[in-house]
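Please work through each task before reading its solution.

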Amino acid sequence: MTCNENIKISIIGGTRGLGKWIAQELKKDNFNITITSRNKDSGEKVANKLNVNYTDDNIEAVKNADITIFSVPIEYMVDTIKQVAPHAQEGSLLVDVTSVKTETAETLTKYAPSNVNILPTHPMFGPRITSLDGQVVILTPIDKQCDLWYEKVFHYLNKKGAKIVVSTPQEHDKTMSVVQGLTHFSYISIASTIQQLQISVKKSREFASPVYSLMLDMISRIVSQNPYLYYSIQKSNPKTQYARGELIKQMQYLSDLINNDEEEEFVKNMSSSARYLDEYEEALGRSDKAISILTDDFKHIKNSIGSEIGLQHQYSGNVHIGKVINVNSDNVTILDLKNNTITLKISNVTIMSDDEIYQWKVDNLPIHNYDISVILPVSCNEEVLLDMFSKIEPIISVELKDVYAGKQIKDGFMSYTFTYSVFNKSDKQVVEDYMLGIGGIIR
């Protein structure tokens, strides 16, 4: 798929959530984007913000599109496809991005014209991510119904760094009944149980191992999102009902083993499950890595008290650089470059490297240039002097501008004039103090 503004892409339901994110990302690659929604006022506002086209007519949108992406709530998807798909132009591509594939694939197949390609798709991420890099996208092509567009879509996603999984709609839904349905239901059930037991979550974290804290973070991540969406996910995939039923059955079975003192049967069941999963080493490695990242970040930030640090918010992308003044188990407070006090959740930030901090400063801060003339022994090596000067902490760049040995300079000495740049005017004093500290005389 060539990044070309002549490729027209219509996103049905592109003013919120994933649809809006898709519109924003495709616009970055200069595609000609049109978004739709039922609310004209909000639709036009979003379109203006994204610098894309808007229409409240889904039929008009699909008639003019080379690619149409359906991004409406699950409960409206089938009816929307039925109404819109028949109007797609010859040779175009229809894509849906819901989490259930069998029914939408069947609907697309039935209602799309025979000369139109279809590609049911499931992006395994939400609109909070910053790029496709490393994100899973599931494609469920139907035999001979995406010959024109499949390779182009695959190439585009691959170029953006996405991890592409190819499946059938039926295999997708069976697998997703566990990956999404069972997982969400389990987490929601645990959250509901904690509430019913009246356990203080904050207090429980004080008792917690890193594994519990990580699990609680995942549970909170799920239950804090749109409950209507998660209800729809449970209802829309018929295979999820079976998965939920089997989970409840197994929970009751294991509970009965414990209540009836059937230790050997419990051990046998747990050992059998472990052999079936067969991922002990990999799971231990991945979970250790996740836990170490959390603890290592906290240690690094805590050890930076009194020093400068760069923190980037992992969702907004905003960068905060400043001196760390306070750290607790949840938050870090910094005094930023404008002397503002900012408190951030440690779990929401990534620590920037020295190179990233430097590049951010180069791109965003004013740079101040100064000259300094220093009298030093004539035996000084110019290359060594330049290297030493460049390693003074505030220095951005430095060059040797002039070397002078006139009447005003004592025998055995030379005047070296350097031009250097720094981010802060106050750093000029730091540089002068350094030169005096090594025995130089400033002219």
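**Exercise 1: the second largest cavity**

Task: Determine which helix supplies the largest share of the lining of the second largest cavity.

Solution. Helix H7 supplies the largest share of this lining, with four residues; helices are DSSP runs of H or I with at least four residues, numbered from the N terminus. The model is predicted: local features need pLDDT of at least 70, side-chain atom pairs count only at pLDDT 80 or more, and totals for chains, interfaces and linings use all residues. Residues are numbered from 1 along each chain as its sequence is written, and side-chain values use heavy atoms, with hydrogens and water left out.

Next, identify the lining: among its residues are Met176, Ser177, Gln180, Gly181 and Thr240. On a 1 Å grid over the protein atoms alone, a cavity is a set of points where a 1.4 Å probe fits but cannot get out, and lining residues have an atom within 4 Å of a point.

Finally, the volume is about 40 Å³, taken as the space filled by probe spheres set on the points, which are joined across faces, edges and corners.

**Exercise 2: H7 and H11**

Task: At what angle do the axes of H7 and H11 cross?

Solution. The axes of H7 (residues 169-196) and H11 (residues 238-259) come within 8 Å and cross at roughly 45°. Axes are lines fitted to C-alpha atoms, for helices over the stretch in contact, and angles run from 0 to 180 degrees between N-to-C directions. H7 is therefore oblique to H11, the class left after angles under 35 degrees (roughly parallel), over 145 (roughly antiparallel) and 65 to 115 (roughly perpendicular).

Technical notes:
Helices (H or I, at least four residues) and strands (E, at least two) are DSSP runs, numbered from the N terminus. On a 1 Å grid over the protein atoms alone, a cavity is a set of points where a 1.4 Å probe fits but cannot get out, and a pocket is an open set with protein on both sides within 12 Å along at least five of seven lines; lining residues have an atom within 4 Å of a point.
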